[in-house]
Amino acid sequence: MPLKLAGGAPVGALLLCVAISLFHIAGAEDPYRFFNWNVTYGDIFPLGVRQRGILINGQFPGPDIHSVTNDNLIINVFNSLDEPFLLSWNGIQQRRNSFEDGVFGTTCPIPPGRNFTYILQVKDQIGSFYYFPSLAFHKAAGGFGGIRILSRPRIPVPFLDPAGDYTVLIGDWYKSNHTTLKAHLDRGKKLPFPDGVLINGRGPNGVSFNVEQGKTYRLRISNVGLQHSLNFRIQNHKMKLVEVEGTHTLQISYSSIDVHVGQSISVLVTADQPAQDYYIVVSTRFSYKVLTTTGVLRYSNSAGPVSGPPPGGPTIQIDWSLNQARSIRTNLTASGPRPNPQGSYHYGLINTTKTIILASSAGQVNGKQRYAINSVSYVTPDTPLKLADYFKISGVFRPGSISDRPTGGGIYLDTSVLQADYRSFVEIVFQNNENIVQSYHLDGYSFFVVGMDGGQWTPASRNQYNLRDAVSRCTTQVYPMSWTAIYVALDNVGMWNLRSEFWARQYLGQQLYLRVYTASTSIRDEFPVPKNAILCGRASGRHTRPL
C-alpha cells in the first residue's frame, strides 16, 4: 500500500513533482534513483536482549544506497515514530545545498506521522559513506545504513572489479534503549562503558560473508558507533586499502586496520587461504577494557568451521595507530570521480588565507556535564541556522560567536557559528589536550589531512606537513595530547556542521557550524531553499518558492 502525505496525496505523485521541479538544476544527463523509506520502531536483539530499535523498511541496519557519480537521489522518508526524526548523510557533500544536510542546524525535523523527501545529488563524488539519524541520540537505536557511490563506467578505477562488494557497518553498542541513554545525558551525566561491538547489527558470530576461493572481494567498512575507535582484521588474510571516504589510496596491505568513529574505508581481500571458515574480528582501541566481537569469512567450499582463538590485535598502542594513519596516502595517478588524476590538484602549492585552531574541553556547566570547542559548548537554537540565515531572521545566531583560537577560559553555552569566506583556502588545526582519541567530521567537504603529531601545534609544525599526497577525507582522528592539521578549500557555500563523532560529546556541545558565506545570491553559488522544505521555529509561516 503506498504511503500517503498528511493531505492524502500519494507519495509517488510528490516524488514526480519534486523530480520535475529539479530538472533544471540537475540536468537531463544525470540519472534519478528513487527510494521510499518508512521509519519505525521495532524489537531488535543485537546483544541477546530485547531493545527498541529504529528500523527502515523493517531493516536493522537500514538498506544500502547504491549510486553512481552525479546521480540524483530522491529519498522519501516517512516518520512513523512518535517523535521528530532526521537523517543525515555522512560524507555526501550536498554541493550548494546545505538545506538537505539533515542536521538540525540546516533542516527542520520530520514530525511524527509526516514525510519529507530529501533531494540529494552525489555531485563529483565516489566512494564509501553512510547515513544515520542525527537527532535525540537516535543513532544509539539504529537507523543507519551504507552509501556507496560507484565511478561512472568510462572513468578508470585503479583495481579490477571485485567478485563481490560488501557493506560492513561496525560500531560499539549499548544494551540500554536510546531513550535511557539520552535521559542519562540530559541529567548531565557521562555515559557508562558500552556493552559490546556489532558487525552489521549483529553480535558475536552473528554475521558471515561468503567468498569463493581465489577471488577478490571489496569490503566497505564504516565505524557507525558512538565513541570507540575500532580495529578490524581477518584471520590469516591481508587487507589491501584502496579507498578512504571518496579518495583512492596507495594500495598498501595491512594485517589489521584502525577505523575511528565516523570513518569509512574500502579494502580488498583475496580468498587465498585453504578452504575453511575464518574469524573476522573487531575490537575496541584505546579503552581501559577491550570489547571484541567476531564474524565469519566463509569459503564456499569450506572444509570446516573457524578454528583456534580469534587473532589478537593492537589495544592501547598510540604510535602503532599514528604510523598507520601516516601511511594512508592518496594515489596521485588514479582517477577520482572525474577522469583527471587525483594528483592534478596541487593543494600544497596553494597559500592558506586563514588558520583556525580548535581545541576541545570537558567540564561542568550549572552542575551538568558539557563539552566544548574553544570554550563554547553548542546550544541548539529553536530554528535551524540555515533557515534563519536564508530568511534573515535575527536573534537565532551570531556569526563569529566562537573564536577561531582557543580562549583558555571556562566553558560557557552559546550557539557557536564560525564565519569563513567562500573560496578561501583555510588551515584548521584540531588541538587535543585531553587523554582520549578524538574524531572530527566536517559536513559539506572533503579535506586534506596534512599532518598529525603529539604535543602542542606551533607554526613550526608545518615543517612536517605532507604537501604532496595527503589523503583527502571528511573525518579525521586526533590522538591524545596531540594535534591534527587539515587544509580545506571552502568552495561550497552553506551552513556546515563541524562536530565530534564521539556522539555523547557532540550531543553535549562539542560541535559548531561553519558558515561559508558569499554576498552573491546566484544559483551558481547556492541553491535557494527547497520548495518542499519543512519550516519550523521562527521560520514557521514563511514561504518557499511556489511548488
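**Aromatic rings in close-up**

A search of the whole structure finds 27 aromatic pairs; rings of Phe, Tyr and Trp (its six-membered ring) pair if their centres lie within 6.5 Å. The model is predicted, so local features need pLDDT of at least 70 and side-chain atom pairs count only at pLDDT 80 or more, while totals for chains, interfaces and linings use all residues. Residues are numbered from 1 along each chain as its sequence is written, and side-chain values use heavy atoms, with hydrogens and water left out.

**View 1. The pair F116 and Y118.** These two rings are edge-to-face, 5.0 Å centre to centre with 80° between the planes. Planes under 30 degrees apart count as stacked, over 60 as edge-to-face and the rest as tilted. F116 counts as buried at 5% relative accessibility, and Y118 is buried at 0%. Buried means under 20% relative accessible area, exposed over 50%, partly exposed in between (1.4 Å probe, protein chains only).

**View 2. The pair Y445 and W496.** The ring centres are 6.2 Å apart and the planes lie at 80°, so this pair is edge-to-face. Y445 is in the loop between β27 (438-442) and β28 (447-454), and W496 is in strand β32 (residues 494-500), so the pair links distant parts of the chain, 51 residues apart. Strands (E, at least two residues) are DSSP runs, numbered from the N terminus. Both Y445 and W496 are buried.

**View 3. An aromatic cluster.** F35, W37, W89, F116, Y118 and Y131 form one cluster.

**View 4. Charges over rings.** K386 lies over the face of F99, 5.4 Å from the ring centre. R505 lies over the face of F502, at 5.8 Å from the ring centre. A charge sits over a ring if NZ of Lys or CZ of Arg is within 6 Å of the ring centre and within 35 degrees of the ring normal.

How values were computed
Helix = DSSP H or I, 4+ residues; strand = E, 2+ residues; numbered from the N terminus.
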